[in-house]
Amino acid sequence: MSGTSKAGSEKRRHDSSAEGFSEQERAAMKARATELRAAARGGRGAKKAAADEAAVLSAIAAMAEPDRALAERVHAVVTAAAPELAPRLWYGQPAYAKAGKVVCFFRSGQADKERYSSLGFSVEANLDEDDGMWPTAYALTELTEASEAAIRKLVQKAVR
């Protein structure tokens, strides 16, 4: 006879489902679903672009410090470096898209309960290196002139 009872098995199954998605992951999925619904009923052209940028700026304004300051600087650097990228929300966080596909994005460390925020690049970013290996995300705790220059260079490369 195995030492496992049916009640024990049920408890483990219940515990494992409780360990599924974190609170932050569930919030991100809900935000993404809201974004998709808004896009489905949203307009086109300049009106949609303005609404998307307003949503990004609103999400940044809602962030707690120091993430708000980081996101504001990242937004300024990305939009200046690649004006062809359209700001939009992606999983409730600021992102920048080309032809409707996200190229890069900012993730608030506080929203994810992490010790740092991050700047990430999707598969749409043209960052491939000849040696077959390249970073797709960068930790951000502060932005210096050097790190802003590095972001500018990465974003410009990503949209080539």
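Two strands count as paired here if DSSP finds at least two bridges between them. Helices (H or I, at least four residues) and strands (E, at least two) are themselves DSSP runs, numbered from the N terminus. With those terms in hand, Lys-98 has Lys-101 in strand 3 as its bridge partner.

## About the model

Welcome to a predicted model, in which local features need pLDDT of at least 70, side-chain atom pairs count only at pLDDT 80 or more, and totals for chains, interfaces and linings use all residues. Residues are numbered from 1 along each chain as its sequence is written, and side-chain values use heavy atoms, with hydrogens and water left out.

## Overall layout

The protein contains five helices and five strands. Along the sequence they follow the pattern α-α-α-α-β-β-β-β-β-α.

Of its 160 residues, 31% count as buried; buried means under 20% relative accessible area, exposed means over 50%, and partly exposed lies in between (1.4 Å probe, protein chains only). The accessible surface comes to about 10,300 Å², with 55% of it belonging to carbon and sulfur atoms. Those areas come from the Shrake-Rupley method with a 1.4 Å probe, and for residues only the protein chains shown count as cover. Among contacts (heavy atoms within 4.5 Å) between residues at least 6 apart in sequence, 49% join residues at least 24 apart.

The five strands form an open sheet in the order 1-2-3-4-5, with antiparallel pairing. Strand 1 (86-90) and strand 5 (137-140) are the edge strands, each pairing on one side only. From one strand to the next, the twist averages 25°. Angles such as the ones below run from 0 to 180 degrees between N-to-C directions, and axes are lines fitted to C-alpha atoms, for helices over the stretch in contact.

Strand 2 (residues 93-98) and strand 3 (residues 101-107) pair in the antiparallel sense over four bridges. Helix 3 packs on the sheet, where it touches strand 1 and strand 2, and its direction makes about 60° with that of strand 1.

## Helix 4 across the strands

Which strands does helix 4 lie across? Helix 4 lies across strand 1, strand 2, strand 3, strand 4 (117-121) and strand 5, and runs at about 150° to strand 3.

Helix 4 has 15 residues and reaches 21 Å from its first C-alpha to its last, close to the 21 Å expected at 1.5 Å a residue; the expected span is 1.5 Å times one less than the number of residues. Its buried residues include Leu-70, Ala-71, Val-74, Val-77 and Val-78.

## Salt bridges

Side chains of opposite charge can pair when their charged atoms come close. A salt bridge here is a side-chain nitrogen of Lys or Arg within 4 Å of a carboxyl oxygen of Asp or Glu, and the structure holds five of them. One joins Lys-48 and Asp-52, whose closest N and O atoms are 2.8 Å apart. Because these two residues are four apart in helix 3 (residues 45-61), about one helical turn separates them. Lys-48 is partly exposed at 30% relative accessibility, and Asp-52 is partly exposed at 22%.

Another salt bridge links Arg-73 and Glu-148, with the closest N and O atoms 2.9 Å apart. Arg-73 lies in helix 4 (residues 67-81) and Glu-148 in helix 5 (residues 145-158), so the pair ties together parts that are 75 residues apart in sequence. Leaving out residues up to four places away in sequence, Glu-148 touches Arg-73, Val-77 and Leu-143.

## Backbone details in the loops

Glu-65 and Pro-66 are joined by a cis peptide bond, with omega about 5°. Pro-66 sits in the loop between helix 3 and helix 4. Glu-65 also meets Arg-68 in a salt bridge (3.1 Å, N to O); Glu-65 is partly exposed with a relative accessible area of 43%, and Arg-68 is partly exposed at 25%.

Where is Tyr-91 found? Tyr-91 is in the loop between strand 1 and strand 2, and although not a glycine, Tyr-91 has a positive phi of about 55°. Its relative accessibility of 34% counts as partly exposed. Lys-113, in the loop between strand 3 and strand 4, likewise has a positive phi of about 55° without being a glycine. Lys-113 is exposed, with a relative accessible area of 59%.
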